[in-house]
Amino acid sequence: MNKIIPLSLQNKSFLKKITIFLFFMSLTLNAQIDKVEPPFWYAGMQNPELQIMFYGKNIAQYQVAVSNSIVITNVTKTENPNYLFVTINTKKVPVSDLVFTFKNSKKESFTQKYSLKKRRENSAQRKSFDSSDMMYLLMPDRFANGNRNNDSEDATKEKYNRELPGGRHGGDIEGIIKNLDYISALGATTVWSTPLCEDNDAAFSYHTYGQSDVYKIDPRYGTNEDYVRLASEMHKKNMKLVMDYVVNHWGIEHWMMKDLPTNGWINQFENYTQTNHKRTVIHDTHASKIDTETCLNGWFATSMPDLNLANPLTLKYLIQNAIWWIEYADLDGFRVDTYNYSDPKGIAKWTKSITDEYPNFNIVGEVWMQSQAQMAYWQKDSKISQIQNYNSYLPSVMDFTLYEATTKVFNEDDGSWDKGIIKLYDNFTNDFLYPNSNNLLVFVENHDTNRFNQTYGNDIRKYKMAMTLLATVRGIPQLYYGSEIGMIGDKNKGDADIRQDFPGGWEGDQNNAFIKEGRTLGQSEYFDFTAKLFNWRKTKSVVHFGKMTHYIPENNVYVYFRYNTNETVMVLINNSKETHKINTHRFKENIKNFKTGKDVISELTFDVTNEITLEPKSVLILELK
């Protein structure tokens, strides 16, 4: 017998089927777009032009239109049908949600919502880091593990293995946030973290310089929201966050490497070609074309594809990515990795595009060169680069010649014409080459170098001389995590040795150097000196922006002054193994009518009218009265 189904139930069944059909149809249509980058943008930007990349299977077959009377100024298709680059003009467009409609000749269509968000108040005029700051460099994977739940992630290949020196050790954004008070207590005002965007390499991904998604924080560090929260927590403490940005290359596991937008997105040779690292070819008037091409277009490593900044699509993508992070995460500055490995015109345009949007934004470039002239070439408005009609627009460079001097000088006990502390003096005699010597990053080590305390056998006297130098000369001092507790590391044993875990950053660590009670006597001596020195510096505009007069070293003793109209600071560094009595009459030009000087560290008062006794391998920082 046939069962009779009531009409109302028949209607419900029909409606259910229709609903399911429409649901799956919507999934099919929306699946046309797999990625949209930038994922959203901001209203009221100085440059109203926005290039949106839509990625999806055969998306280039569609014609695109946008709502809200927005003008599409350009649509670019490449040889890869899975990409569509759509440029719109956002001038005078308010905060709003736009709708992009995609149609093809078969009359198929789908839509994609896109948001223009509100900017933070006074975003364009944000204050960046400068010589009033002290920058603390850390590697997040090796600093502190604040969240055990993200040590390994299903979406990333390399899993947690703290037993492996070059493996993932579990440090994360939460670990940084939990230890901001420790960093601040050192006198640091700014944090430079090595890259935090996703690096999905199968091994050695902890350094994160081979990024696989530049719009996404690596899930083993946390989320995009966690990164925003880090900036917010730092700003509450009057601290600044600097992102380590990589313009020159990505990682081989970047999602685009599986399906390049265009063959010219990256630099490619017929056979794999590595850079020759000879960046001097850029300004060398005698350089050959093949050497120049190999330097700029060769890959940094087999796992790091070289981005082609001469390609307008690639360059625009990188410019917008950088600006998006500044706006989204409320950043205070960039440190740019391998700055002068990129196409010079392209990297200059990238830099200028950012500083046009944010006039006060500081960007420090890694320009690892061997002479001041070569480094000065890369600083904004350099008279040297003007010889070749070039301007990088880069506000700041890292002072690698000073770093190189500090790797030797404190072991050279007997000063001579070119040995000992004269190397420091000679470095500063070339400051005339820089357009702005106050805006140089000064350091004695970083994540790519031998640990300072390794080089000098944990001789705290030499550490004190080096830190005194960084705290009192021109520029922005940078401290590498762990130096302040005497951490060592031998570059000859591999990078993992100079990037060891900070003691106390992991549950169960027997030594917790993050807290006073947990530090050993040796760690406390390092920490206390560092904290006293840089907290003093924090308030001293005479050191931040004052003038400098220095005197030719005698007997391996270096004397210099920092001064302005209100204050004078006298710095004495005895790099010899002998006690020296320093006759102060030679320094009358700067001592003038001052009678005494109070040492910043010991708080003892010294008579500066006649003679000052200086112990071997020691320093004095005297505030003159």
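Two strands count as paired when DSSP finds at least two bridges between them, and the strands themselves (E, at least two residues) and helices (H or I, at least four) are DSSP runs numbered from the N terminus. With that in hand, let's look around. What you see is a predicted model, where local features need pLDDT of at least 70, side-chain atom pairs count only at pLDDT 80 or more, and totals for chains, interfaces and linings use all residues. Residues are numbered from 1 along each chain as its sequence is written, and side-chain values use heavy atoms, leaving out hydrogens and water.

Start with an open sheet of 4 strands, which run in the order β1-β3-β6-β5 with antiparallel pairing. β1 (35-37) and β5 (71-76) sit at the edges with a single partner strand each, so one side of each has no neighbour in the sheet. From one strand to the next, the twist averages 20°.

Now find helix α7 (residues 312-329), which lies across β1, β3 (49-55), β5 and β6 and runs at about 105° to β3. Contact here means heavy atoms within 4.5 Å. The angle is taken between N-to-C directions on a scale from 0 to 180 degrees, using axes fitted to C-alpha atoms, for helices over the stretch in contact.

A cavity is a set of points on a 1 Å grid over the protein atoms alone where a 1.4 Å probe fits but cannot get out, and its lining residues have an atom within 4 Å of a point. Points are joined across faces, edges and corners, and the volume is the space filled by probe spheres set on them. How many cavities of 30 Å³ or more does a search of the whole structure find? There are 2.

The largest cavity has a volume of about 80 Å³. Its lining has 13 residues, with C197, Q211, M243, D244 and Y245 nearest the centre. β12 (213-217), β13 (240-246) and α7 each supply at least two lining residues, and β13 gives the largest share, 4 residues. By class, 10 are nonpolar (Ala, Val, Leu, Ile, Met, Phe, Trp, Tyr, Cys and Pro), 1 is charged (Asp, Glu, Lys and Arg) and 2 are polar (the others, Gly among them).

The second largest cavity holds about 30 Å³ of space. Among the residues lining that cavity are S193, Y227 and V242, and β13 again supplies the largest share, 3 residues.

Notes. On a 1 Å grid over the protein atoms alone, a cavity is a set of points where a 1.4 Å probe fits but cannot get out, and a pocket is an open set with protein on both sides within 12 Å along at least five of seven lines; lining residues have an atom within 4 Å of a point.
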